[in-house]
Amino acid sequence: LENELKLKHKEIIELNIKISGWKQQIEDQNIYCNNLIKHLDEKSRNETLLRKEINEHQKQLENANFKLQQKLQLTQEEIYENDEIKQLREHLILSQQKCMDWKKKWKQQCLKIEQLESEKIMTQ
């Protein structure tokens, strides 16, 4: 009976050792899971921050692209306006030249008329 009691006591000690080992494994697994959860949470936060940063950079890029398009459009409009101004200036110069030519012809005509009238008066 005493041997049986010692044997049972030895089995209980062995079972307690096994149970302690399992408890330690469970505790280690809990620590590992908690660390893994923390790591995943940190990665999620980093991913969220990176996503926000990417979105901000995307918005900045879109704004820069929009401003560039506006600048290009203004430049095109300025080129068009400069061409139009150049054409108008050329037209104005030609018109002034024609005007001077007509004025010269008119003066010549006036002079001829005066000469004709003068000759007419002289011949009368």
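The legends below describe a predicted model, in overview and in close-up.

Residues are numbered from 1 along each chain as its sequence is written, and side-chain values use heavy atoms, with hydrogens and water left out. Local features need pLDDT of at least 70 and side-chain atom pairs count only at pLDDT 80 or more, whereas totals for chains, interfaces and linings use all residues.

Figure 1. Helices (H or I, at least four residues) and strands (E, at least two) are DSSP runs, numbered from the N terminus. The C-alpha trace spans about 180 × 10 × 10 Å along its principal axes. Buried residues make up 0% of the 124 residues (buried is under 20% relative accessible area, exposed over 50%, partly exposed in between; 1.4 Å probe, protein chains only).

**Figure 2. Glu 2 and Lys 6 are joined by a salt bridge.** The N to O distance is 3.9 Å; the criterion is a side-chain nitrogen of Lys or Arg within 4 Å of a carboxyl oxygen of Asp or Glu. Both residues lie in helix H1, four residues apart, about one turn of the helix. Glu 2 is exposed at 56% relative accessible area, and Lys 6 is exposed at 52%.

**Figure 3. Arg 45 forms a salt bridge with Glu 42.** Their closest N and O atoms are 3.1 Å apart. The two residues are three apart in helix H1, about one helical turn. Arg 45 is partly exposed at 47% relative accessibility, as is Glu 42 at 38%.

**Figure 4. Glu 47 and Arg 51 meet in a salt bridge.** The N to O distance is 2.6 Å, and the structure holds three salt bridges. Glu 47 and Arg 51 are four residues apart in helix H1. Glu 47 is partly exposed at 43%, and Arg 51 is partly exposed at 46%.

**Figure 5. Lys 105 lies over the face of Trp 102.** The distance from the ring centre is 5.3 Å; the criterion is NZ of Lys or CZ of Arg within 6 Å of the ring centre and within 35 degrees of the ring normal.
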